[in-house]
Amino acid sequence: MKKILRNIFQQHKTLFFSVWVSVALCVFSAAVSAELIELSVQDLQQDINVLLEEKFKTANYSQRGADTCLACHNQYSDKDATGIFSSGHGRVDIKDGPFQRQECETCHGPIGEHATWPEEGQVREPMVTFGENSPVSKHNQNSVCLNCHQDDHNKTTWLGSAHQSNDVGCTSCHTLHQGDDKVRDKTDQYQVCTSCHQERKMDKHKRSNHMLGEGLYACSSCHNPHGTLNQNMLIQPTINQTCTECHTEKRGPFLNEHAPVAEDCALCHSPHSSNERYLLKQRMPFLCKNCHVGQHQNVAGNVGSAINGKSCLNCHSDIHGGNQL
Ligand code: HEC
Ligand code: HEC
Ligand code: HEC
Ligand code: HEC
Ligand code: HEC
Ligand code: HEC
Ligand code: HEC
Ligand code: HEC
Ligand code: HEC
Ligand code: HEC
């Protein structure tokens, strides 16, 4: 195996550009069959680093851009790439888009010797690939995208976000080679997010579920998956601001405030789902009794005995605040 790699390295002294130096410590590993892997991981990574360093330095782009690629990656190929033309990235008229730069190679790196058919026992020189199965590290995959998207509105918080720091890639969510990017569709987004956030898949089966995944709104109505400075990547600074964006009637201020409502809706409600009605965290009256023990002592007419077996809400109907509580 080492021999094969060395062969490849010697053949290709003219590859990629310097941004790419650190790309893909193990670009080759996917193309290599298990029996061939005899050398240590460190050896392999070292060799590939050498390869990439040289490849990047020389930035050997194809003369004919996308046309070169499409000779092989056309609709008859099992690696059909024509889908890129149904997305903004494939349009020539988009300012600062890939097709105003090196076209396909803006994202996949310089072609180098990739178009050369490998001899028997050798592997085709790889291109940069994306997604969960790519041997290229997420960090390096993302850096391709961030080249252009670093300054976008809201994307400056990507670095350090829960997703970035847990090795989630841009293409863990986004698909580029097709017109409809599921994660940006209100109905389909649910599937993308819950492919990792399994516990949110259970929401559907609960008694009260905020109608998540039904196209009314999406996870990204409350969260910015690119990160925010707020807790849990919420778009709004607080939970209450998150909720009252839509439930404006609960925003107040009211003549009589109910302290916990003004403080945090999530003291009583689970934002995603609950087996109690109205997304309540607990059944009544236990929910109230968490905070109100021994109430009614000072209430005239001894309401105390009258409440037994009655719902607190029978009498305290403006639980979110109102003219009276
Ligand atoms: C001569 C034919 C040919 C040309 C030209 C060609 N490729 Fe490929 N490419 C292939 C084949 C065949 C594969 C399948 C993998 C292999 O053989 O290792 C492949 C694989 C790929 C992959 C990896 C796909 C995967 O899912 O692993 C990418 C990305 C890629 N090519 C991009 C490009 C780009 C970008 C260009 C133009 C700059 C290009 N190719 C030009 C034949 C070609
Ligand atoms: C050469 C610069 C460039 C690179 C590299 C790039 N993008 Fe873009 N991207 C753009 C531009 C320009 C647009 C705006 C397209 C439009 O207006 O339709 C865009 C649009 C988008 C959109 C919005 C959807 C759309 O199609 O309009 C998403 C999502 C996106 N890019 C994700 C990515 C991801 C993920 C990567 C990395 C795999 C990436 N981009 C790499 C320039 C780039
Ligand atoms: C966890 C999933 C997820 C990840 C990871 C992710 N995105 Fe997004 N992205 C989304 C969603 C959802 C939207 C739509 C947002 C909306 O509708 O408000 C979006 C929208 C976009 C857009 C469209 C323009 C905009 O700002 O609304 C661009 C560009 C984009 N993402 C680029 C990226 C880049 C670059 C990365 C990696 C650094 C990335 N995304 C990582 C989910 C993700
Ligand atoms: C904006 C960045 C970007 C551009 C431009 C781009 N690609 Fe891709 N390419 C990707 C990403 C990301 C994937 C992973 C699959 C997806 O997101 O749809 C991919 C996947 C691929 C694959 C693998 C497809 C498969 O079925 O396994 C090939 C081959 C490919 N691209 C070739 C090309 C060619 C050829 C062009 C130019 C015509 C091109 N790409 C332009 C980002 C890009
Ligand atoms: C109505 C607004 C809203 C929607 C829609 C929403 N969330 Fe949340 N999410 C929240 C709030 C508020 C918190 C903070 C909860 C807390 O601190 O009690 C949160 C917390 C989280 C957390 C971190 C804490 C935990 O429970 O693990 C994750 C992960 C999460 N949400 C994922 C999702 C996913 C995935 C979706 C879509 C299926 C989604 N959220 C839809 C409001 C929302
Ligand atoms: C590829 C897997 C993956 C996908 C897809 C994904 N996430 Fe995550 N997400 C993670 C991981 C890993 C973490 C960090 C560990 C955790 O909190 O569970 C995380 C954390 C979060 C958090 C918690 C942030 C915090 O500060 O605690 C929220 C909110 C979240 N994701 C929302 C989303 C939304 C919304 C989507 C879809 C647009 C999505 N995720 C798609 C893997 C993913
Ligand atoms: C993007 C808009 C939006 C945001 C943000 C939002 N909601 Fe909702 N909420 C709705 C819609 C629409 C419904 C009605 C659909 C339904 O009955 O589930 C609803 C229903 C509810 C219900 C009644 C559920 C039932 O079973 O009848 C409660 C309770 C609720 N939301 C609490 C919250 C809380 C707490 C937050 C903040 C964490 C919040 N909402 C944020 C849109 C939103
Ligand atoms: C002290 C506990 C508590 C807090 C805090 C609380 N709620 Fe509620 N909420 C309830 C109870 C109890 C119900 C059920 C009312 C009923 O059965 O009529 C409810 C019902 C709801 C409903 C559905 C019925 C309706 O009135 O529209 C929505 C929406 C809602 N709450 C939103 C919110 C929002 C938004 C916040 C934060 C601003 C919040 N809640 C804070 C206890 C609370
Ligand atoms: C997270 C704690 C908490 C929960 C849960 C809670 N409350 Fe309260 N409630 C308070 C606080 C704090 C006050 C204001 C302090 C005070 O006057 O005792 C208050 C005030 C009240 C008042 C008005 C007192 C006045 O003097 O005007 C009523 C009535 C009341 N709560 C009823 C309820 C009912 C009914 C529930 C269940 C749906 C409930 N509370 C759930 C914390 C809570
Ligand atoms: C039969 C009607 C009724 C029911 C049922 C009822 N209350 Fe009350 N409650 C009252 C009245 C009347 C007052 C006095 C209101 C005032 O002074 O403005 C009161 C006052 C309160 C107060 C503020 C004064 C104090 O003594 O702490 C709290 C807190 C309270 N109720 C909580 C609850 C909770 C929790 C439940 C359910 C376990 C409940 N109430 C059930 C009628 C009722």
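Let's start with Gln324, which sits in the segment after α14 (312–315). Helices here are DSSP runs (H or I, at least four residues), numbered from the N terminus. Gln324 is exposed, because 11 other C-beta atoms lie within 10 Å; a residue counts as exposed with 12 or fewer such atoms, as buried with 20 or more, and as partly exposed in between, with C-beta atoms placed from the backbone. Leaving aside neighbours within four places in sequence, Gln324 is in contact with Asn256 and Asp318 (contact puts the two C-beta atoms, placed from the backbone, within 7 Å). His258 is 66 residues from Gln324 in sequence, yet the C-alpha to C-alpha distance is 9.6 Å.

A quick word on the model itself: it is predicted, so local features need pLDDT of at least 70 and side-chain atom pairs count only at pLDDT 80 or more, while totals for chains, interfaces and linings use all residues. Residues are numbered from 1 along each chain as its sequence is written, and chains are lettered from A and ligands numbered from 1 in the order in which they are written.

Now for helix α8 (residues 189–196), where Gln189, Tyr190, Val192 and Cys193 are buried. Looking down the axis of α8, you'd find these buried residues within an arc of 165°, so they line one face of the helix. That arc is taken from the directions from the helix axis to the C-beta atoms. Among what covers the buried residues are α7 (170–173) and α9.

On to the ligands. Ligand 7 has 19 residues around it, with Ser208, Ser221, Cys243, Cys246 and Pro271 the closest (to be near, a residue needs its C-beta atom, placed from the backbone, within 6 Å). α9 (219–222) and α10 (239–246) are the elements giving two or more residues to this shell, and the largest share, five residues, is from α10. Ligand 8 has 17 residues around it; Cys243, His247, Lys250, Cys265 and Cys268 come nearest. Here α10 and α11 (259–263) each supply at least two residues, and α10 has the largest share, three residues.

Most residues other than glycine have a negative phi, and most peptide bonds are trans. Asn232, though not a glycine, has a positive phi of about 50°, and it lies in the loop between α9 and α10. Tyr278 also has a positive phi of about 50°, in the loop between α11 and α12. As for cis peptide bonds, one joins Gly252 and Pro253, and another runs from Met284 to Pro285.
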